[in-house]
Amino acid sequence: MDILNKNIILMDHLYKYEHSDVDIDNIYWSIKNEIYQITLFSDKPSDNVLKKVEKNIKDFYKLYYRFNFSNVFNHPNPILYISYLSHAKEKLFSTKKCFP
């Protein structure tokens with residue numbers, strides 16, 4: 001099993017731009033910490049460790065029940081799709097228009 005880049009990028013997108021009914025700061029940063037420990041401190045992590053992190057990522061996804069994950073995972077290039085979503089949300093959030 002692998003923790004795919006698209007999972008990490010999708011987690012970042014969800015954390016930054018999507019709404020969740022739960023306070024996700026601790027959950028998000030604990031998963032990111034686990035990923036960093038795997039990538040920085042071990043050459044070949046055990047399957048049990050990877051399965052645990054993947055389970056935590058899937059549990060994190062469940063917090064965003066309004067998000068359409070099938071659009072991301074069924075896209076031919078999920079990373080490009082997530083990047084496009086993030087870019088669009090960033091533009092929406094950073095645009096300040098004054099209406100008379």
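Leaving aside neighbours within four places in sequence, which residues is L63 in contact with? Here contact means heavy atoms within 4.5 Å. The residues that L63 touches on that count are S20, V22, I24 and I27.

## What you're looking at

This is a predicted model, where local features need pLDDT of at least 70, side-chain atom pairs count only at pLDDT 80 or more, and totals for chains, interfaces and linings use all residues. Residues are numbered from 1 along each chain as its sequence is written, and side-chain values use heavy atoms, with hydrogens and water left out.

On pLDDT (the predictor's confidence in each residue, from 0 to 100), the protein chain averages 85, and 91% of the residues score at least 70. Among the elements, helix 4 has the highest mean pLDDT at 92, while helix 5 (residues 78-94) has the lowest at 88. Where pLDDT is low, the predicted coordinates should not be read in detail.

## Overall build

The protein chain has 5 helices and 0 strands, in the order α-α-α-α-α from the N terminus. Both kinds of element are DSSP runs numbered from the N terminus: helices are H or I with at least four residues, strands are E with at least two.

The C-alpha trace spans about 60 × 30 × 25 Å along its principal axes. Of the contacts with a separation of 6 or more, 71% are between residues 24 or more positions apart. Buried residues make up 33% of the 100 in the chain; buried means under 20% relative accessible area, exposed over 50%, partly exposed in between (1.4 Å probe, protein chains only).

## Helix 2 against helix 3

Helix 2 (residues 25-41) packs on helix 3 (residues 47-62) at about 155°, with the axes 10 Å apart. Axes are lines fitted to C-alpha atoms, for helices over the stretch in contact, and angles run from 0 to 180 degrees between N-to-C directions.

From helix 2, I27, Y28, I31, E34, I35 and I38 meet V49, L50, K52, V53, N56, I57 and F60 of helix 3. By class, that contact has 10 nonpolar, 1 polar and 2 charged residues. Nonpolar covers Ala, Val, Leu, Ile, Met, Phe, Trp, Tyr, Cys and Pro; charged covers Asp, Glu, Lys and Arg; the others, Gly among them, are polar.

L63 sits in the loop between helix 3 and helix 4 (69-73). Its C-alpha is 16 Å from that of I9, 54 residues apart along the chain.

H13 is in helix 1 (residues 5-17) and counts as buried because its relative accessibility is 2%. Beyond its neighbours within four places in sequence, H13 is in contact with E18, F67, I82, L85, S86 and K89.
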